[in-house]
Amino acid sequence: MLHYIETDFQDFLLQGNLERYDDVPLHFRDKQSGIKFTHDTENFEKEYERLKEKYEQRISRFLDKSKSKICYLRSMQSEDDYEYISNNSAYIKWVIKKNNPDSEIVFLCNNTLLIKDDFEFRYFKMPKMWRVGSRIELCSYFDHATDFLSFCGENYSDANLIKNLSFELENHESRLRLTERRYKTLTTLLSYDFSGDIISDKVIIYGAGVIGKELYKKKKWQTSVICFVDRQMAGGSFENVKIIAMDEVQPETGVKIIVSAAYDFENIKKGLLNKFAEDDIISLDVILNLKF
């Protein structure tokens, strides 16, 4: 990443450097840097321009922010990390301060690493190992990191700290509301009688999670389920019904698509309108007569 900051990302995400690297559809990496892209919904072969535009907007915001004083945080978990940082300290400082001489980098270290007295950067020993996972797991990395949290409190305004805390609380409350909504959808689905509600002779189910699979179990006796659509589970199957990515869907006349992830129906619907007529896109919550 230092290289990209140094060059203002001029050679970032070049189309010729992108390649698939595992069996998960839509996962790809940059051969030059080794950076992996696992959260992008775009198919880089078919939707490269949209992907590039998205990252160009993010890069523009980053470069603009880097003109102000910034504190960069970087995890340092291994001896190899420590050796590289120690041997390249002058280069790292130059890159970090390139756009603003007051910017600095702080390293968050595995608490078993031996840090020598001549280490040239500010660092904090963290009580937990770094884990790449959910947002909750990321937040828990800072639990009981007393020294680091004191550093944040001393160097950042109360207004910013309160703003961040409010953001986390809002996200926590939002997750609770989402969990409650999904639970209500699932319990209603389990007791729902579809016998008088055919919908269509052929359907596609959007979402192959718990709710989508329970919907399939209810519908398979009265209609033909062509496939599931689920980006994260694409390539698998459930009860011999294929799970595919959205770009693999071949719409047929008379086929309805039922969105089991109804909590995000409007956003999902926007992405489906380029393949399905609006009347053929159905929210599961509407079928179940649920209102939120």
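Q: Hi! What kind of model is this, and what is left out of the side-chain values?
A: The model is predicted, so local features need pLDDT of at least 70 and side-chain atom pairs count only at pLDDT 80 or more, while totals for chains, interfaces and linings use all residues. Side-chain values use heavy atoms, without hydrogens and water, and residues are numbered from 1 along each chain as its sequence is written.

Q: Great. Which residues of α7 meet α8?
A: Arg182, Thr185, Leu186, Leu189, Leu190 and Ser191 in α7 meet Val210, Ile211, Glu214, Leu215 and Lys218 in α8; contact means heavy atoms within 4.5 Å.

Q: Switching to rings: how many aromatic pairs are there in the whole structure?
A: A search finds 23. Rings of Phe, Tyr and Trp (its six-membered ring) pair if their centres lie within 6.5 Å; planes under 30 degrees apart are stacked, over 60 edge-to-face and the rest tilted.

Q: Why is the Phe119 and Tyr123 pair edge-to-face?
A: Their planes stand at 75 degrees, with the ring centres 5.8 Å apart, so the pair is edge-to-face.

Q: And are those two buried or exposed?
A: Phe119 is buried at 11% relative accessibility, whereas Tyr123 is partly exposed at 30%. Buried means under 20% relative accessible area, exposed over 50%, partly exposed in between (1.4 Å probe, protein chains only).

Q: What about Tyr216 and Phe228?
A: Those two form a tilted pair, 5.7 Å centre to centre with 55 degrees between the planes. Tyr216 is buried at 8%, and Phe228 is buried at 0%.

Terms used. Helix = DSSP H or I, 4+ residues; strand = E, 2+ residues; numbered from the N terminus.
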